[in-house]
Amino acid sequence: MTKVLAKFPSRGQVRSKTRKILIKTVLFLKKYVKTVAHLAHSSMNRFDYQRVNRDVYDNMATAQNPLCRPATDAELANPLQTVDAAGWLGKSIAGKQVLCLAAGGGRQSSLYAAAGAEVTVIDISPAMLELDRRVAAQRNFSLRVFETTMEDLSMLAASSFDIVIHPVSTCYVPDIGKVFQQVARVTRPGGVYVSQHKQPGSLQASTDRHPDGGYRIEHRYYRDNPVPPPKQMTKNTGRLRESGAIEYLHRWEQIIGGMCQSGFVIEALSEPRHDQAGPSSPFADRASFVAPYVRIKARRIANPINAPGGNRDSTPKLIL
Ligand SMILES: C[S@@+](CC[C@H](N)C(=O)[O-])C[C@H]1O[C@@H](n2cnc3c(N)ncnc32)[C@H](O)[C@@H]1O
């Protein structure tokens, strides 16, 4: 009798076995979902990243995200100071042809228009461009607006802009070199290209502090695939990565080298400070370890180094 009973597990044994099976199943499912999400993310094709990022910004515009808020009256009262505190654009941009590239949302366009420029706005998100149209109508500015990707500016005439303003957005396309070639084509020789980018180190680093202190490098520097989305969205993550967006890391050689190869020379570079809000701000804390953005002033030169007949000699020269 005792022997027969021994063949059947007790209730307790059955419960613990069931629990183990359940735990194993949950772990397997978690791993499966993660793998599928990773595969979907890494096999993004051209159409996917544009569509996904357009939808993300359409939704952000509808939700009145801070990145989609128009300029205030106070900012518009002194527009050039608001957009160019460093004075990279000179004393006046009145009458200049300005391209606000990937800059929808009603903020950039209205500030440059208020400073007297003739403004063209390019963006992939119809909802962001709608904000530009709305603000222009409210403030009585005239604008040219095109819905397209920054990778294709074929609707714009060559050498037609004195200034190209490009807020943080190159992270949304895989090939930054293609964008620089487009910008170079539409910028007149002597024209200025001011762009901001997410720094590669910032895209590599964890968004929140590690329990042991500091921040960890989580993602490879050399990569073609998008940077994986954060494991969880926190307040800090939301300021560094746009939820749901497909983002690519561009190396320094691709940002600075790519600009130079496309026919620009770098005249100034700054790393806007975000670390000074005090220790209670998680965003400022992270920014004191890794600068989130870089701002670059580049000038279009008539004879690009790589152009036929251009100066291929890379020896530095002092030109007086
Ligand atoms: C950080 S927002 C910049 C504008 C923001 N309102 C500002 O004031 O700085 C980034 C913009 O890039 C746009 N964008 C994303 N991918 C794009 C692409 N492939 N081509 C053009 N614009 C793109 C988004 O729709 C969004 O309006």
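Select Ile176, Gly177 and Phe180 in helix H8, which meet Gln254, Ile255, Gly258 and Met259 in helix H11; contact here requires C-beta atoms, placed from the backbone, within 7 Å. The residues of this contact comprise 4 nonpolar, 3 polar and no charged, where Asp, Glu, Lys and Arg count as charged, Ala, Val, Leu, Ile, Met, Phe, Trp, Tyr, Cys and Pro as nonpolar, and the others, Gly among them, as polar. The model is predicted, with local features needing pLDDT of at least 70 and side-chain atom pairs counting only at pLDDT 80 or more, while totals for chains, interfaces and linings use all residues. Residues are numbered from 1 along each chain as its sequence is written.

Next, display H8 (residues 176-186) and H11 (residues 252-261) whole: their axes are 9 Å apart and the packing angle is about 30°. H8 is therefore roughly parallel to H11 (angles under 35 degrees).

Within H8, select the buried residues Ile176, Val179, Phe180, Gln182, Val183, Ala184 and Val186; buried denotes 20 or more other C-beta atoms within 10 Å of a residue's own, exposed 12 or fewer. Their cover includes H11 and the strands E1 (97-101), E4 (161-166), E5 (187-198), E6 (264-270) and E7 (293-300).

Phi of Gln64 is positive, near 55°, and Gln64 is exposed, with 10 other C-beta atoms within 10 Å.

Finally, select Asn140, in the loop between helix H7 (126-139) and strand E3 (143-147). Asn140 has a positive phi near 65° and is exposed, with 7 other C-beta atoms within 10 Å.

Key: Axes fitted to C-alpha atoms, helices over the stretch in contact; angles between N-to-C directions. Helix = DSSP H or I, 4+ residues; strand = E, 2+ residues; numbered from the N terminus. Parallel < 35°, antiparallel > 145°, perpendicular 65-115°, else oblique. Contact = placed C-beta atoms within 7 Å.
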